Each structure stands twice: as structure tokens, then as C-alpha cells.
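This report goes with the structure displayed below. Please look at the fold before reading on.

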Amino acid sequence: MALNTRFAALALIGVAATSVSGCGYNTIPTQEEAAKAAWAEVQTQYQRRADLVPNLVATVKGAAAQEKGVLTAVTEARASATQPKFDASTITDPQKFQEFQAAQAQLSTALINFRQTVEAYPELRSLEGYAALQSQLEGTENRIAIARRDYNAAVQTFNTTLRTFPSVVWAKTAFSSSQPMQLFQATAGSEKPPEVKF
């Protein structure tokens, strides 16, 4: 009789485990981790851009000494974009997320002005080192756009899971600490093309 009881208990555990895994219990933590991984990729690409900026500025300094104000603005924007410490909690805190996005937008604007200034120096554009760095920066900007798109997709999936049945049951009980994450949005004024001045 004890053997039958053991088999019945094991069968009950097996059925319970299958039921829990099939009812969406693992969905919330799986999607939360996917969104966090996408966030890490966004941060990696922004860091890559920040790491390229000092090399660009150093390359341009010698050839365009009279444009010191633009070089200073780029250097200061890079410092403000990398100085605050943003971590995984940033994606669930609307204020910190807006601060992060604003700091990155400031650096993007400074880099646009920097590129426009460089256009006035054909000899600088022809320098091999500058051309290579500019190409890397353009590639990084594309990577940032892709990383932000992938992050937004992962967050949309996660946020939807927190609000839809049956996972909303788990979101309100077992995973009540899981909060909706913030989405990247277009920077205010980004619908206007940058003004080019020579």
C-alpha cells in the first residue's frame, strides 16, 4: 500500500509541475530577463558610442582648433551621458529612465553639431583616422537604434504579459514585485531635421 501511495504522490507532483509550467508561471520571469538583456545591449551600445567620442575629439582638435566650443560641448555632453549611474532599476523608474534618455539625447545633439562643424573642414574629412572613427560612430548609431528597437519589443511583450490572462494572476501573486518597464520614445523635437550651418 505504501508503494501505491508513493506512486500517487509522484504522479501528483508530476501533474502539478506540468500544470504550473503550462499555465504561464515561467512566462513572467522569462520575459523579464529577456527585457533586461535587451536593456543591457542598449547600455552596451551607448557605452560604445561614449568610448568613441574622445578619440573623435582628439582627432579633430589639431585640425580644427578654432572650433574649440563645439569640441567642448561634445566632451561635456559625453561626460553628462556617462556620469550618472543607470542600472536595471532604471527601466522600471520613469524619472530615472527620462534622465537616461535626456542625457543620451544631449550627446546625440552635440554629435550632430560636431559633424556639421567637421563638414567645413575638407582636409579633416580626408584624414584616414577621422574617416575610420566617423564610420565606427555611424555604425554605433545604427546599433543603438536596433538595440532600442529590440528593447522596446521585449518590454512590450513583458508589459503585455503582466496585464493579460492567465499571466496576470501570477503577476498579482507570485511576481508582484515585477513592475512594468519603460519604453524608449522619440526625443522631443526629433521630428524636425537638424539645421545645417556652414
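This is a predicted model: local features need pLDDT of at least 70, side-chain atom pairs count only at pLDDT 80 or more; totals for chains, interfaces and linings use all residues.

## Helix H4

Helix H4 runs over residues 94-119 and has 26 residues. At 1.5 Å a residue, a helix of this number of residues should span 38 Å.

The N-terminal end of H4 is capped by aspartate 93. A side-chain oxygen of aspartate 93 lies 3.1 Å from the backbone nitrogen of glutamine 95.

## Threonine 90

The loop between helix H3 (68-82) and H4 contains threonine 90. Its relative accessible area is 0%, so threonine 90 counts as buried, the limit for that class being under 20%.

Setting aside residues up to four places away in sequence, threonine 90 touches Trp39, Lys96, Phe97 and Phe100.

## Nonpolar cores

The largest nonpolar core has 21 residues. Trp39, Val42, Tyr151, Met181 and Phe184 are the members with the most contacts inside this core. Helix H2 (27-63), H4 and helix H6 (128-163) each supply at least two of its residues. H6 gives the most, with seven residues. Valine 42 is in contact with Ala147, Arg148, Tyr151 and Phe184, leaving aside neighbours within four places in sequence.

Another core, of 17 residues, lies apart from the largest one. Its members include Leu52, Ala77, Ala110 and Leu133. In soluble globular proteins, nonpolar side chains tend to be buried together.

Key. Residues are numbered from 1 along each chain as its sequence is written. Side-chain values use heavy atoms; hydrogens and water are left out. Helices (H or I, at least four residues) and strands (E, at least two) are DSSP runs, numbered from the N terminus. The expected span of a helix is 1.5 Å times one less than its number of residues. A polar contact is a pair of N or O atoms within 3.5 Å; within protein, one must be able to donate a hydrogen and the other to accept it, and residues adjacent in sequence count only if both atoms are side-chain atoms. Buried means under 20% relative accessible area, exposed over 50%, partly exposed in between (1.4 Å probe, protein chains only). Contact means heavy atoms within 4.5 Å. A nonpolar core is a set of buried Ala, Val, Leu, Ile, Met, Phe, Trp, Tyr and Cys residues joined through side-chain atoms within 4.5 Å.
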